[in-house]
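My notes follow the model.

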Amino acid sequence: MIDWTQIDTVMLDMDGCLLDLHYDNRLWNELVPARYGQAQGISAEEARRLLYGHLLGERRDLEFYCIDFWTRRTGLDIIALHHELAHLVDYRPGAAAFLDWLRGRVRTLLVTNAHRTSLAVKERCLGLGKRLDRVFSSHDFGAPKESGAFWSRLSGVERFDPARTLFIDDTQTVLDAASNYGIGHLLTIIQPDSGRSPRADLAYPAFNDFNELIEAASLGRTLRVPRTEGS
């Protein structure tokens, strides 16, 4: 449940939470392997296996999210590929309205594993940073959000009470790390990618449209966010 009287800080993930993950899935799962395959004279499927096979475990290190790493690894202009699909960059349902609703009510932070150069592409498309108090990339701290080190280092530059913080993310391992750190309120997203089916069997309370959170608060009631079936 969400009791807004118990929350001072809201932290939000970017890709798959505030923004539709369809853009990133198209970029990394289709465009990058296709272009790398063309350059190497192999199929996109083989390129995908060569590029990602050793990095697809549940726990990912910072290298997985690093644009500089993927530029060196593939020999491709990864940022140019970002711009090719920039027309797909968009908010998830109700996300922009929710950020505007939060303004002045609580401190609102973007907390992302996205590399700063990738983040800049999305900022250029949507002006996301204007709706937030601060923007943090895990690359600023040398550790991904899946790591306890990230949360400790974040607390060194941003003062917040974990028990009075709401964190919304679409990745279970990230939410697990936040929970272990002591973040008191955790939510996840049912359908991070609008081009894929809604997820089931989620380990954390889940919702899909940020307007649900606004409407519940506007009616003056505490929102109970049900766990998805099987969780």
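**Entry 1: the model.** I am working from a predicted model.

**Entry 2: helix 2 and helix 3.** I looked up how helix 2 (residues 44-52) and helix 3 (residues 67-74) pack. Their axes lie 12 Å apart, and the angle is about 125°. Angles of 65 to 115 degrees count as roughly perpendicular and those over 145 as roughly antiparallel. Helix 2 and helix 3 are therefore oblique to each other. I noted the hand of the crossing as well: right-handed.

Which residues meet here, between helix 2 and helix 3? From helix 2 I listed Leu50, Leu51 and Tyr52. From helix 3 I listed Trp70, Arg73 and Thr74. By class, this contact of helix 2 with helix 3 has four nonpolar residues, one polar and one charged.

**Entry 3: helix 5.** Next I checked how covered helix 5 (residues 95-102) is. Six of its eight residues are buried, so I wrote "mostly covered". The buried residues are Ala95, Ala96, Phe98, Leu99, Trp101 and Leu102. An α-helix has 3.6 residues a turn, so residues three or four places apart point the same way.

What covers the buried residues of helix 5? I found strand 1 (9-12), strand 2 (107-112), strand 4 (165-168) and helix 9 (211-218) among the elements that do. I also looked just past the end of helix 5, where Gly104 takes a positive phi of about 85°.

**Entry 4: strand 1.** I turned to strand 1 and asked about its faces: are they covered or open? Both are covered. Thr9 and Met11 are buried on one side, Val10 and Leu12 on the other. In a regular strand the side chains alternate between the two faces of the sheet.

I then traced its partners. Strand 1 pairs with strand 2 in the parallel sense, over four bridges. Leu12 has Leu110 of strand 2 as its bridge partner. Strand 1 also pairs with strand 4, again parallel and over four bridges. There, Val10 has Leu166 of strand 4 as its bridge partner.

**Entry 5: strand 4 and strand 5.** I checked the faces of strand 4 too, and both are covered. Thr165 and Phe167 are buried on one side, with Leu166 and Ile168 buried on the other. Strand 4 runs parallel to strand 5 (residues 185-189), and three bridges join them. Leu166 stands opposite His185 in strand 5.

Technical notes
Residues numbered from 1 in each chain as written. Predicted model: local features only at pLDDT ≥ 70, side-chain atom pairs only at ≥ 80, totals over all residues. Heavy atoms only, no water. Axes fitted to C-alpha atoms, helices over the stretch in contact; angles between N-to-C directions. Helix = DSSP H or I, 4+ residues; strand = E, 2+ residues; numbered from the N terminus. Parallel < 35°, antiparallel > 145°, perpendicular 65-115°, else oblique. Left-handed = near helix turned anticlockwise from the far one by under 90°. Contact = heavy atoms within 4.5 Å. Nonpolar A, V, L, I, M, F, W, Y, C, P; charged D, E, K, R; others polar. Buried < 20%, exposed > 50% of the residue type's maximum accessible area, 1.4 Å probe, protein only. Pairing = 2+ DSSP bridges.
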